[in-house]
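Please keep the sequence and the structure in view while reading.

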Amino acid sequence: MKIAVIQGPNLNMLGIREQHIYGGITLEQIHSQLQNAADQNGIEIEFFQSNFEGEIVDRVQECLGTVDGIMINPAAYSHTSIAIKDALATVNMPVVEVH
């Protein structure tokens, strides 16, 4: 099984920005924890982060036929991006949205 983890805008600043709200953990640390869990369960995992909506849409579309599912944190685009929502619907595969 192969999972794509897609992260949206400003998540690359975790651990730096507003630590009183988001905590001190970095995106790299989150990815490391996810990689460890994937390794323990025999799952291949790949990571992608972008601050640009179109790049996120492109990455979702690239998942078609190359991964078995998507875990996405669209961050600021969660409630505003029809384009990302449409891309996720188009690839027709399991998607888990996290925050």
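Strand E3 is largely enclosed by the rest of the structure, because four of its five residues are buried, where buried means under 20% relative accessible area, exposed means over 50%, and partly exposed lies in between (1.4 Å probe, protein chains only). Helices and strands are named here as DSSP runs numbered from the N terminus, with H or I runs of at least four residues for helices and E runs of at least two for strands. The model is a predicted one, in which local features need pLDDT of at least 70 and side-chain atom pairs count only at pLDDT 80 or more, while totals for chains, interfaces and linings use all residues. Residues are numbered from 1 along each chain as its sequence is written, and side-chain values use heavy atoms, with hydrogens and water left out.

How are the strands arranged around E3? Four strands form an open sheet with parallel pairing, in the order E2-E1-E3-E4, and two strands are taken to pair if DSSP finds at least two bridges between them. Strand E2 (44-49) and E4 stand at the edges with a single partner strand each, so one side of each is left without a neighbour in the sheet. From one strand to the next, the twist averages 15°. Strands of a sheet pair through backbone hydrogen bonds, and they may do so in a parallel or an antiparallel sense.

The pairings of E3 can be followed residue by residue. E1 and E3 run parallel and are joined by five bridges; on this side, Ile-3 has Gly-69 of E3 as its bridge partner, and Ala-4 stands opposite Ile-70 in E3. E3 and E4 also pair in the parallel sense, over three bridges, and here Ile-70 has Val-95 in E4 as its bridge partner.

Within strand E1 lies Val-5, which counts as buried at 2% relative accessibility. Leaving aside residues up to four places away in sequence, Val-5 touches Leu-34, Ile-45, Glu-46, Phe-47, Phe-48 and Met-71, contact meaning heavy atoms within 4.5 Å. Val-5 and Gln-49 are 44 residues apart in sequence, and their C-alpha atoms are 8.4 Å apart in space.

Helix H3 (residues 53-62) lies across E1, E2 and E3 and runs at about 175° to E1; such angles run from 0 to 180 degrees between N-to-C directions, with axes fitted as lines to C-alpha atoms, for helices over the stretch in contact. Arg-59 belongs to helix H3 and is buried, with a relative accessible area of 11%. Not counting residues up to four places away in sequence, Arg-59 touches Ala-4, Ile-6, Glu-46 and Phe-48.

Asn-10, in the loop between E1 and helix H1 (19-22), has a phi near 70°, a positive value in a residue other than glycine, and counts as partly exposed at 37% relative accessibility. Met-13 has its place in the loop between E1 and H1 and is partly exposed at 33% relative accessibility; its C-alpha atom is separated by 21 Å from that of Ile-84, 71 residues apart along the chain. Ala-75, in the loop between E3 and helix H4 (82-91), has a positive phi of about 55° although it is not a glycine, and at 21% relative accessibility it counts as partly exposed.

Grid points are joined across faces, edges and corners, and a volume is the space filled by probe spheres set on the points. The largest pocket holds about 330 Å³ of space and is lined by 19 residues, of which Gln-7, Leu-11, Leu-14, Asn-73 and His-99 lie nearest its centre. Strand E1 (2-7), helix H2 (27-40) and strand E3 (69-73) each supply at least two residues of this lining.

The second largest pocket has a volume of about 210 Å³, and of its 15 lining residues, Met-1, Ile-3, Ile-43, Met-71 and Val-96 lie nearest its centre. To this lining H2, E3 and strand E4 (95-97) each supply at least two residues.

Technical notes
On a 1 Å grid over the protein atoms alone, a cavity is a set of points where a 1.4 Å probe fits but cannot get out, and a pocket is an open set with protein on both sides within 12 Å along at least five of seven lines; lining residues have an atom within 4 Å of a point.
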